[in-house]
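These are my notebook entries on a structure that I looked up.

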Amino acid sequence: MISNINYWDLDAVADSIIRGRKLTDDNLRELLSLTEEEDIQKLNYVARKVRDHFFGNRVFLYSFVYFSTHCKNNCAFCYYNRCNDIQRYRLDMDEIRSIARAVKNETIHMVDLTMGEDPYFHNEPEKFVDVVKAVKEETGLPIMISPGVMDDTTLTKLHENGANFLALYQETHDKDLYRKLRVGQSFDERNHARQFAKNIGYCVEDGILTGVGNDIESTIVSLRGMENGQPDMVRVMTFVPQEGTPLEEVDQESSLSELKIISVLRLMFPDKLIPASLDLEGIDGMVHRLNAGANVVTSIISADSSLEGVVNYDRELEERDRDSKSVIKRLRSMGMEPASQAEFNSIIEK
Ligand code: SAM
Ligand code: MD0
Ligand code: SF4
């Protein structure tokens, strides 16, 4: 599909996707198996053409607010799993409001309110509803919530009080791998929460990890699993081994597989939101991810913030470089621009 063809033919491949062509499992197998630099460049080129058709040079920016790092779960890949003996924090309402006020003065299209499955909020979901209300009040912006699995009643209440988007990543749709990653957690309940949210009018994001024991066939299962849920946003992130966790000693893969999968996602979900996360490799990494077909920058954290990311490429760095100003400067150097708020709203109100 991609190897051994020239750039003129690649334009035809992009056109066929834009006109509605669906990739077969064999197509996916071929694309995910590419190893030659030149072939991967071609794949990225097709993905960019498809993205540019739907979005032009416009990019969406999400601010990341990890307001509680407490968690009752035991995900094998995650630094914040309950068994890891780390420093944790939970912001109070004043701290949350003051961060929200700061976000309001930046170019940000949506605020991502993320937490571990903190019992403080999960046992009394009203408290989380209050957080959403407060951030809505302060910013007036669309709100994404990434709270883990919540029940139907709570999801409904959150939606009624200003939550627009639910991010809940299955990590993998391969059930054997899921059991090893989200140890002791129900596959079906996690999937259900995302589907329920979609049915009552949220936009939803699904996502997978790569470099975490997934081979090509397992990745295809995950891609098809995500497709079944018809998400509005789809992501892939490279697994980054975290100190103090069961998967600490696993070798970290390069970003190559992630970049291929981002392009494949663009061909499978041509007009959907696909993020370039700053959390993995900062702004330099963002450039590669956008060049692979992403159209959203996530995990923007202001320069003076002491809040954490999830993977936290900058945990050891003295200076942070993932604020919206630095992101926009780099976007412009690539010929891209932040979209208007109206453009973003029209996508999430569809
Ligand atoms: N606690 C909520 C949940 O699990 O849905 C939301 C926050 S959780 C930390 C957000 C996502 O970060 C996870 O779903 C996973 O995809 C990603 N993540 C966590 N640890 C990671 C790691 N070590 N490498 C790559 N991605 C990771
Ligand atoms: C990111 N650190 O986009 C964030 C996080 C949760 N909705 C998103 C994984 O990289
Ligand atoms: Fe908790 Fe989310 Fe980390 Fe799992 S991924 S341990 S639920 S913070």
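**Entry 1: Backbone angles**

I began with Q230, which lies in the loop between α10 (216-228) and β6. Helices (DSSP runs of H or I, at least four residues) and strands (runs of E, at least two) are numbered from the N terminus. The model is a predicted one, in which local features need pLDDT of at least 70 and side-chain atom pairs count only at pLDDT 80 or more, while totals for chains, interfaces and linings use all residues. Residues are numbered from 1 along each chain as its sequence is written, chains are lettered from A and ligands numbered from 1 in the order in which they are written, and side-chain values use heavy atoms, with hydrogens and water left out.

I noted that Q230, a residue other than glycine, has a positive phi, near 45 degrees. Is Q230 buried or exposed? Its relative accessible area is 56%, so Q230 is exposed. I took buried as under 20% relative accessible area, exposed as over 50% and partly exposed as in between (1.4 Å probe, protein chains only).

I then looked up N312, in the loop between β8 (296-300) and α13 (324-333). N312 is not a glycine either, yet its phi is positive, about 65 degrees. With a relative accessible area of 6%, N312 is buried.

**Entry 2: Salt bridges**

How many salt bridges does a search of the whole structure find? The search finds 29. A salt bridge is a side-chain nitrogen of Lys or Arg within 4 Å of a carboxyl oxygen of Asp or Glu.

I looked up the pair E217 and R29, whose closest N and O atoms are 2.8 Å apart.

In the salt bridge of E205 with R235, the closest N and O atoms are 2.7 Å apart. Because E205 lies in strand β5 and R235 in strand β6, the pair ties together parts that are 30 residues apart in sequence. I found E205 and R235 to be buried.

R322 forms a salt bridge with D314 (2.8 Å, N to O). R322 counts as buried at 0% relative accessibility, and D314 counts as buried at 4%.

The side chain of R322 also makes a polar contact of 3.0 Å with that of D279. A polar contact is a pair of N or O atoms within 3.5 Å; within protein, one must be able to donate a hydrogen and the other to accept it, and residues adjacent in sequence count only if both atoms are side-chain atoms. D279 is in helix α12 (residues 278-291) and is buried, at 3% relative accessibility.

**Entry 3: Contacts of T210**

Last, I looked up T210, in strand β5 (residues 203-210). T210 is buried, with a relative accessible area of 3%. Which side chains does the side chain of T210 contact? I found polar contacts with the side chain of N214 at 3.0 Å and with that of S257 at 2.8 Å.
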